[in-house]
Amino acid sequence: MFTGIVEELGTIEAVEPLADGSRLTIAGPVVTGDAKHGDSIAVNGVCLTVVTVGDGRFTTDVVAETLRRSSLKGIAAGDRVNLERAMALGDRLGGHIVQGHVDGTAVLRGTDADGLTRFELPRRLSHYLVEKGSITVDGVSLTVVDAGDGEFSIALIPTTKELTTLGFREPGDEVNIEVDVLAKHLERLAAAQLDHLARGAQPRSGDNGGVREAR
């Protein structure tokens, strides 16, 4: 689990092709300060597992499925990336609950007359976004200003521009998107209940149609 509060800007030092993906070597002295083999680090919002760590850098393997779903497929040596270690129990949650499981990518359109940063995203993800709701863009926890059909906007504060890759993204750039996991769970539960009712079935004994009785 992550919070979407980026800890540092890392640098891709090497990209090594593998039979079923690629191996990345990433410089990040902050996130590697206490990292060890098997730990999770979010790279542009993608949860990856540390393979080796030392001298302020770590390596991680990216499988073909992750490359297909995220912007990491186009990553190259010299690129800057947002890095965040997995949250520890007892920490303040400065952003929102982020899994590091990317749902897809969006494309930066640019900044509009109101100073809002606008993105185009797949319509299949549009209904998960709501005004003032949370979204993760390249691993950064952000608040949605407005959500439309196949688009959304955010307001970037100077600190976010300075400390993350969003400060130097240009129109046409692809970014990783993770929608709110709670919205996905609610959609799944609601769809199952509607299907149950459509088939004329009675709520299953003991579950009151999926709603537990208050006691």
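Labels and their cut-offs

Modeller: This is a predicted model, in which local features need pLDDT of at least 70 and side-chain atom pairs count only at pLDDT 80 or more, while totals for chains, interfaces and linings use all residues. Residues are numbered from 1 along each chain as its sequence is written, and side-chain values use heavy atoms, with hydrogens and water left out.

Colleague: Why is the pair of Phe119 and Phe152 called stacked?

Modeller: Rings of Phe, Tyr and Trp (its six-membered ring) pair if their centres lie within 6.5 Å, and planes under 30 degrees apart count as stacked, over 60 as edge-to-face and the rest as tilted. The ring centres of Phe119 and Phe152 are 5.1 Å apart and their planes stand at 15°, so this pair is stacked.

Colleague: What makes Phe119 count as buried?

Modeller: Buried means under 20% relative accessible area, exposed over 50%, and partly exposed in between (1.4 Å probe, protein chains only). Phe119 has a relative accessible area of 2%, and is therefore buried; Phe152, at 0%, is buried as well.

Colleague: How do you know that Glu7 forms a salt bridge with Arg85?

Modeller: A salt bridge is a side-chain nitrogen of Lys or Arg within 4 Å of a carboxyl oxygen of Asp or Glu, and the closest N and O atoms of Glu7 and Arg85 are 2.6 Å apart.
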